[in-house]
Amino acid sequence: MIVDYHMHLRDERGGIDHTADAVEPFVERARERGVDEIGFTEHVYYFEQTKDFWPWPYYQERCHFDLDVYVDALVEAKGRGLPVKAGLEVDWAGERADELAAVLAPYPWDFLLGSVHMVGDHAIDTGAELGLWAEVTEDEAWRRYVEMLSAAARSGHFDVLSHPDLAKIYGVRGSDDLYAELAAAVDDAGVALEISTAGLRKPVGELYPDARLLAMSSAPVTLASDAHEPVLVGEDFDDAVAFARANGRDTVSVFDAHVRRQEPIG
Ligand SMILES: [Zn+2]
Ligand SMILES: [Zn+2]
């Protein structure tokens, strides 16, 4: 079984299109590439239901789509018999995480991704030597990132952690100690880790996460393209599958209504 459990429901040009019809090209691309099942995971900050949670202009500017319309599109796609799962990429909301979880709870999610993009008031992926990277030392930036992602893991609100070492995006490496801290949080919480090919398309030029995290943790894994357009579904999955196997993962996690099972990978 091959799953791609991280993508954003957009049209062919990357524009928001939360309709069941927009799902079809993603499924078509998945079939071309031997991906058996795909999970949609739109950013939580695109939805007006969450707009009170985000202090940052980048988030507020995008927070005007309707979560019900998005979920209905995915439910309709399932109704058409498409191999689709309903998910969301949920930014860690810190002290308000429980409150955000309560907003999301009524919806029929198969899985939720826990994600850290913002550390303090800066996106960790805003640019090399910019934002957070200009404000604090590299070690401190990493420490803050791992602290937040570990808290997200331990919160129990998420099934999978997405791009679990996004902080390496510009090639700045985290220490073994920080990876060990994150691995402990992941294993204590029983959350899965995403092997994401998005990092191959970023300056770091490698998969998320570092092999060290898979070695230090016993977490199950999903596979993820982080596609923002249909053409990227299943992108570089040969690399992701080989990496999973090389790091002791012979199965992939499959989720239905937050219930995880393991299927042989491939
Ligand atoms: Zn992300
Ligand atoms: Zn994403």
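Entry 1: I began with His258, which lies in the loop between strand S10 (251-256) and strand S11 (259-264). This is a predicted model. I looked up the backbone there: phi of His258 is near 70°, a positive value in a residue other than glycine. Is His258 buried, partly exposed or exposed? At 38% relative accessibility, His258 counts as partly exposed.

**Entry 2: another positive phi.** I turned to His163, where phi is near 25°, again positive in a residue other than glycine. His163 sits in the loop between S7 and H7. With a relative accessible area of 3%, His163 is buried, because the limit for that word is under 20%.

**Entry 3: the zinc site.** Which residues are the protein donors of the zinc ion (ligand 1)? I found Glu89 (OE), His117 (NE2) and His163 (NE2), lying 2.1 to 2.2 Å from the ion. I noted their spacing in sequence as E-x27-H-x45-H. His117 is in the loop between strand S4 (111-115) and strand S5 (118-119), and His163 is in the loop between strand S7 (160-161) and helix H7 (176-189), so the pair ties together parts 46 residues apart in sequence. His117 is buried, as is His163. I then checked Glu89 again. Glu89 bridges the zinc ion (ligand 1) and the zinc ion (ligand 2), and these two ions lie 3.5 Å apart.

**Entry 4: a buried lysine.** I found Lys85 in strand S3 (residues 84-91). Its relative accessibility is 7%, so Lys85 counts as buried. What does the side chain of Lys85 make a polar contact with? The partner is the side chain of Asp256, at 3.0 Å. I also listed what Lys85 touches, leaving out residues up to four places away in sequence; among them are Tyr5, Glu37, Phe40, Leu74, Asp110, Phe111 and Val254.

**Entry 5: the sheet.** I traced an open sheet of 7 strands with parallel pairing, in the order S1-S2-S3-S4-S7-S8-S9. Strand S1 (3-4) and strand S9 (221-224) stand at the edges with a single partner strand each, so one side of each has no neighbour in the sheet. I followed one pairing: strand S8 (residues 192-196) and S9 run in the parallel sense over 4 bridges. Leu193 stands opposite Val221 in S9. Helix H1 (residues 20-32) packs on the sheet and touches strand S2 (37-43) and S3. The direction of H1 makes about 135° with that of S2.

Entry 6: Pro209 is in the loop between S8 and helix H8 (211-216).

Notes: Residues numbered from 1 in each chain as written. Chains lettered and ligands numbered in written order. Predicted model: local features only at pLDDT ≥ 70, side-chain atom pairs only at ≥ 80, totals over all residues. Heavy atoms only, no water. Donors = N, O, S within 2.8 Å, 3.2 Å for Na, K, Ca; no water. Helix = DSSP H or I, 4+ residues; strand = E, 2+ residues; numbered from the N terminus. Buried < 20%, exposed > 50% of the residue type's maximum accessible area, 1.4 Å probe, protein only. Polar contact = N/O pair within 3.5 Å; in protein donor to acceptor, adjacent residues only side chain to side chain. Contact = heavy atoms within 4.5 Å. Pairing = 2+ DSSP bridges. Axes fitted to C-alpha atoms, helices over the stretch in contact; angles between N-to-C directions.
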